[in-house]
Amino acid sequence: MAKASLKDALKCPVHVLPDITYTPIDTDMSEKYKAPSSILIIGAGVFGLSTALALTKRPEFASTSITVLDRSPEPGVFPARDASSIDSSRIIRADYADPAYAALAAEAQAHWRRTDPSSLGGEGRYTESGFILSADNGPLAREDGTLTGLAYAKKSWINAMALAQAEGRPMSSVRMMSGAHHLAKIAGLGEFADWGYLNEASGWADAEASMKWYYERVAATGRVKFVNGTAESLEADESTKRVTGVHMKDGSTLSADLVTVAAGAWTPTLVDLSQQAVATGQVLGYIDLTEEEQEKLEKVPVVLNLTTGLFMIPPRNRVLKFARHAFGYLNPKPLSKPPLGVPGSDKPPPSIVSQPHTHLDDANLSIPEEGEKALREAVRRMIPWPELQERPFSRTRLCWYTDTPTGDWIIDYHPHWRNLFVATGGSGHAFKFLPVIGNRVVDSIMGKCPVEFKDKWRWKAVGDVETAIVTEDGSRGGQPGLLLEDESNKASR
């Protein structure tokens, strides 16, 4: 079936809805895959935990020892409490402008919707509240040709209707709404955008509880060894161009036949990802509610304005969350050891990279004034009640993305080092894929990357190392290029 153009999307005739439910696998392998005797996964976040569980289920890896290393300082706590996946809530949606991600997210949603106590979505871990994806009026493309938030939302609308049709849901479950007043009325909130649609089949998850459930399932297999420790650098033999393990900050080493780096926003400190991925800090704010306010807001849908990046997730336990999906803050800092670069290259790996700075580094860490003002604007636009609009945030936080220029992940072997695989670049939208991404990582380790993702997830050749990485997929708000230190210092001047 021919792909729907944006012009078709705006007209929305049913016959152009794309078929986004079929996921072919590239099975063209020159020889039978031989599993390594040992695998070390660095990072116990979404990519790391999901991959570990998937490995335990594959007969090819039945004799492979699996170790997961995480920088969590607390024994038995995986991942660390400042990981991006450890939070009160994350959006669960199949609402994507890219049909490939929409289809993969729909597959993941089937797992989230299993709400018996023994399943991922059970015991309140998943709530199908509905989701409004929206934007402000304006052009569909910027002067440089990149999509705006409005274009992303309208392309996503087409894919959401295609999924509803494929899953046998009524087309009325995906409802387009034009006009700020209409959107506000449907949402039961203030006027927060000019155009959008409600997808009744999306919602949100208790992220921290979901990660705990997943860790317990991995640990219960008895196949995976979890190690607390901070990776400082990869161990490599340049003469054979092989990665053999990891050197940790305490001076110890861990060795394995295959090293998989899935360290989220910390990955660029271990592997040179110049022009491929960068750590960016995103702002989150939480407001305490009364029981009456909780009852008023707990049934509203998740709302996201792609023009501003501002979003709100319904409250639980009398806490309401606001956040901004933005270009984020950069935090360039020197490394004790440079990341692993290209062997024999005349260009050394960077000695300074953007690195996460979290509440585990500084218990008194607060978000920059610029970010707090943006979140306050979200409160004022989304919440129609004066008593909430100026209520102080009970706490704020920086969540660290691993951003790529296109928002695509990096799931591939390093082209210049043997025995090194990288699974990172979540770009702020990987959490919802927790129940399925591990299988795709293991497929890719075995040389069977899904065809529709083969180019998206491949290791990209490094181009101009001086050009800044900015995610230009149409889903980001805010201002690119902000430095965390500069913005934090403004409040103290």
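A charge is said to sit over a ring if NZ of Lys or CZ of Arg is within 6 Å of the ring centre and within 35 degrees of the ring normal. In this predicted model, K296 lies over the face of W385, at 4.8 Å from the ring centre.

How many aromatic pairs does the structure hold? There are 19 aromatic pairs. A pair of aromatic rings is described by the distance of the centres and the angle of the planes. Here are two of the pairs:

| Pair | Arrangement | Centre to centre | Angle between planes |
|---|---|---|---|
| F78 and F226 | tilted | 5.0 Å | 45 degrees |
| Y101 and W409 | edge-to-face | 5.2 Å | 75 degrees |

Let's start with F78 and F226. F78 lies in the loop between β2 (65-70) and β3 (90-92), while F226 is in strand β9 (residues 224-228), so their pair ties together parts that are 148 residues apart in sequence. Both F78 and F226 are buried.

The pair of Y101 and W409 links distant parts of the chain as well, 308 residues apart. Y101 belongs to helix α3 (residues 99-112), and W409 to the loop between β21 (395-403) and β22 (410-413). Are these two buried or exposed? Y101 has 3% relative accessibility and therefore counts as buried; W409, at 0%, counts as buried too.

Y101 and W409 also belong to one aromatic cluster, together with F47, Y96, F433, F453 and W457.

How values were computed. Residues numbered from 1 in each chain as written. Predicted model: local features only at pLDDT ≥ 70, side-chain atom pairs only at ≥ 80, totals over all residues. Heavy atoms only, no water. Phe/Tyr/Trp six-rings, centres within 6.5 Å; stacked < 30°, edge-to-face > 60°. Helix = DSSP H or I, 4+ residues; strand = E, 2+ residues; numbered from the N terminus. Buried < 20%, exposed > 50% of the residue type's maximum accessible area, 1.4 Å probe, protein only.
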